[in-house]
Amino acid sequence: MELDERKFKILQAIIRNYLETGEPVGSRTISKYTDLNLSSATIRNEMADLEELGYIVQPHTSAGRIPSDKGYRLYVDHMMKEKAEELEGKEKEVNDMKEFLIEKVDRVEELLQNVAKVLAANTNYATMISSPQLNKNKLKFIQLTLVEPTRILAVIVLDGNIIRNRMIEIPEPIDEETILKLNLLLNTSLNGLTLDEISLTIVSMLKNQAGEYTGLVNSVIDAIAEVISSEDDLKIYTSGATNIFKYPELSDSTKASELISTLEEKQLLNNLITSSLDEGEEKGTGIQVYIGNETPINTMKDCSVVTATYELGDGMKGAIGIIGPKRMDYEKVVESLKTLKSQLDSVYKKK
């Protein structure tokens, strides 16, 4: 028998409340939990029907109700259908975007390299630019699928429809019903969270509700953490390193050698890019100026570094930087970066 909308909303409320508290749910709780504006007596009647139909059970006399396996199944099937419709609607968009990005990769790299060269030629300083990166990935959805009795495929979907798969081995066989319940538990608790927001309290609650499947939940959380925290290699393009020799205060052989080495190896520049992006987000400004000891790289303590953060939407951010002597023409540099930042945003939007 298919449930009417009112019964289904009450079942949803029971399941969500039970997942949140772990306690049997009564009619009074449901009356506060839903937007149905029903009396406790009406809700009790509907709950009695749901119990008779096998969607909820009463664990103890005079206690509230908890969802049955049948209730979980209906709830999960409905949720999966909604997600499938969402994904179906976006499938063409996602595929088009994937092809677009694959086609665009070489042109983007060439564009960024050219930007660094033009900026170095126009300013007579050393320059750098990073490729755009996703910032603060959030978990959008997770789907556990039983591949074999002791092997589970975890499909992890992040904001921006970034999809990653992880295979999880478990010591003991598990059934489909348990997988459904774990899917429900994980999605209810973790969807929409960044890695920083998945607190020890949330993890502890998940493990408590998972019971004997604590180990599996732990493996899933580890997989989510790995996916969210892993980033594509940050690409940094530099140009104009030899411009350093134009400034006596930087042309000392040791200083110049260390500075050029930093620009060529690029590994240390990650710290500068990260600081620039973090500071730009914190202050809400697109331009950061580091003078001397303010620079997070030791080999640049005799320099000034001016960076600009560019944003391409959907959390995609990168940084452009100019490295020169402390006596650099700040006004010209800042104006150049502002103009370039605007032009770069426009170029990306047209692509």
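Biologist: Let's start at a side chain. Is D4 buried, partly exposed or exposed?
Modeller: D4 is partly exposed, with a relative accessible area of 40%. Keep in mind that this is a predicted model.

Biologist: Noted. What does the side chain of D4 meet in a salt bridge?
Modeller: The side chain of K7. N to O is 3.7 Å.

Biologist: And K7, buried or exposed?
Modeller: K7 is buried, at 10% relative accessibility. The cut-off for buried is under 20%, so K7 falls below it.

Biologist: Which residues are linked with D4 and K7 in a network of salt bridges?
Modeller: R6, E46 and D49 are linked with them in that network.

Biologist: How many salt bridges does the structure hold?
Modeller: 11. R65 with E51 is one to look at, at 3.0 Å from N to O.

Biologist: Which parts does that pair tie together?
Modeller: R65 lies in the loop between β1 (56–57) and β2 (66–67). E51 is in helix α3, residues 40–52. So the pair ties together parts that are 14 residues apart in sequence.

Biologist: How do R65 and E51 come out on accessibility?
Modeller: R65 is buried at 18%. E51 is partly exposed at 28%.

Biologist: What about R327, which residue does it form a salt bridge with?
Modeller: E249. The closest N and O atoms are 2.4 Å apart.

Biologist: Where do R327 and E249 sit?
Modeller: Both are in loops. R327 is between β11 (316–325) and α10, and E249 is between β8 (236–239) and α8 (253–265). The pair therefore ties together parts 78 residues apart in sequence.

Biologist: And their accessibility?
Modeller: R327 counts as exposed, at 53%. E249 is partly exposed, at 31%.

Biologist: Switching to rings. What lies over the face of Y55?
Modeller: K70, at 4.7 Å from the ring centre.

Biologist: How many aromatic pairs does the structure hold?
Modeller: One.

Biologist: Zoom out for me. How many helices and strands are there?
Modeller: The protein chain comes to 10 helices and 11 strands.

Biologist: What share of the residues counts as buried?
Modeller: 40% of the 351 residues. The chain exposes about 18,900 Å². Carbon and sulfur atoms supply 48% of that area.

Biologist: What about contacts across the sequence, how many join residues at least 24 apart?
Modeller: 59%, among contacts between residues at least 6 apart in sequence.

Biologist: Last topic, backbone. What is phi of N124?
Modeller: Near 65 degrees. That is a positive value in a residue other than glycine.

Biologist: Where is the place of N124?
Modeller: In the loop between α4 (69–123) and β3 (126–130).

Biologist: Buried, partly exposed or exposed, for N124?
Modeller: Partly exposed, at 34% relative accessibility.

Biologist: Great, that covers my list.

Technical notes
Residues are numbered from 1 along each chain as its sequence is written. This is a predicted model: local features need pLDDT of at least 70, side-chain atom pairs count only at pLDDT 80 or more; totals for chains, interfaces and linings use all residues. Side-chain values use heavy atoms; hydrogens and water are left out. Helices (H or I, at least four residues) and strands (E, at least two) are DSSP runs, numbered from the N terminus. Buried means under 20% relative accessible area, exposed over 50%, partly exposed in between (1.4 Å probe, protein chains only). Contact means heavy atoms within 4.5 Å. Accessible areas come from the Shrake-Rupley method with a 1.4 Å probe; for residues, only the protein chains shown count as cover. Rings of Phe, Tyr and Trp (its six-membered ring) pair if their centres lie within 6.5 Å; planes under 30 degrees apart count as stacked, over 60 as edge-to-face and the rest as tilted. A charge sits over a ring if NZ of Lys or CZ of Arg is within 6 Å of the ring centre and within 35 degrees of the ring normal. A salt bridge is a side-chain nitrogen of Lys or Arg within 4 Å of a carboxyl oxygen of Asp or Glu.
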